[in-house]
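Subject: Handover of a structure for your review

Dear colleague,

Please find below the sequence and structure that I am handing over to you. My notes on what was found follow directly after them.

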Amino acid sequence: MAAPPFAVARPDRSGDHVPLQIAIDPEASDAPYEQLRSQISDQARGGKLPTGYKLPTVRGLAEELGLAANTVAKAYRALESDGVIETRGRHGTFVAAAGDAAAREAAEAAESYVRRVRRLGLDRGAALAAVEDALRATYD
């Protein structure tokens, strides 16, 4: 059974309070850090958590969710690597302007893919078909 969602109201840049809703299901097939990572990412990219929103500390969020601090830290590292959040030293961890970072990383991945399939000798049609198959498998 899923743990009740964790909610916290923190002021964003405008002073409004924005709730962070996180629910960790210990029975889910995804690891807790992945559940946390994906929920924060979805909320940030979907606009529910605005750019500049200050996230709870690793320890604070771990205590609230009943997780190990290393689990939350692993999720935060993955989110930072994806450009969803940014850590500003002692000032805390904030939602970044993720759209630009995500688009940039996707473009880099696409360029890398194109170079690789050309080395493998695939033509444009075969390369595009492989991408479409992967997208269907992932998004459908």
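In these notes, a residue is called buried under 20% relative accessible area, exposed over 50%, and partly exposed in between, with a 1.4 Å probe and protein chains only. This is a predicted model, in which local features need pLDDT of at least 70 and side-chain atom pairs count only at pLDDT 80 or more, while totals for chains, interfaces and linings use all residues. Residues are numbered from 1 along each chain as its sequence is written, and side-chain values use heavy atoms, with hydrogens and water left out.

Confidence

The predictor's confidence in each residue is given as pLDDT, from 0 to 100. The chain has a mean pLDDT of 86, and 84% of its residues reach 70 or more. Helices (H or I, at least four residues) and strands (E, at least two) are DSSP runs numbered from the N terminus. Where pLDDT is low, the predicted coordinates should not be read in detail.

Salt bridges

A salt bridge here is a side-chain nitrogen of Lys or Arg within 4 Å of a carboxyl oxygen of Asp or Glu. By this rule the structure has 4 salt bridges. One of them joins aspartate 82 to arginine 37, with 3.9 Å between the closest N and O atoms. Aspartate 82 lies in the loop between helix 3 and strand 4 (85-87) and arginine 37 in helix 1 (residues 32-45), so the pair ties together parts that are 45 residues apart in sequence. Arginine 37 is buried at 17% relative accessible area, whereas aspartate 82 is partly exposed at 22%. Glu34 joins Arg37 and Asp82 in a network of salt bridges.

Another salt bridge links aspartate 133 and arginine 136, whose closest N and O atoms are 2.4 Å apart. These two residues are 3 apart in helix 5 (residues 124-139), a separation of about one helical turn. Aspartate 133 is partly exposed at 45% relative accessibility, and arginine 136 is partly exposed at 44%.

Glutamate 86 forms a salt bridge with arginine 88, the closest N and O atoms lying 2.7 Å apart.

Rings and charges

A charge is taken to sit over a ring if NZ of Lys or CZ of Arg is within 6 Å of the ring centre and within 35 degrees of the ring normal. The charged end of arginine 88 meets this rule over phenylalanine 94, at 4.0 Å from the ring centre. Lysine 74 likewise lies over the face of tyrosine 33, 4.1 Å from the centre of its ring.

Helix 1 has 14 residues and spans 20 Å from its first C-alpha to its last, close to the 20 Å expected at 1.5 Å a residue; the expected span is 1.5 Å times one less than the number of residues. Its buried residues include Leu36, Arg37 and Ile40.

A nonpolar core is a set of buried Ala, Val, Leu, Ile, Met, Phe, Trp, Tyr and Cys residues joined through side-chain atoms within 4.5 Å. The largest one has 20 residues, and Leu20, Ile22, Leu36, Ile40, Leu65, Val72 and Tyr76 touch the most other members. Strand 2 (17-22), helix 1, helix 2 (58-65) and helix 3 each give two or more residues to this core, with helix 3 giving the most, 4 residues.

Kind regards
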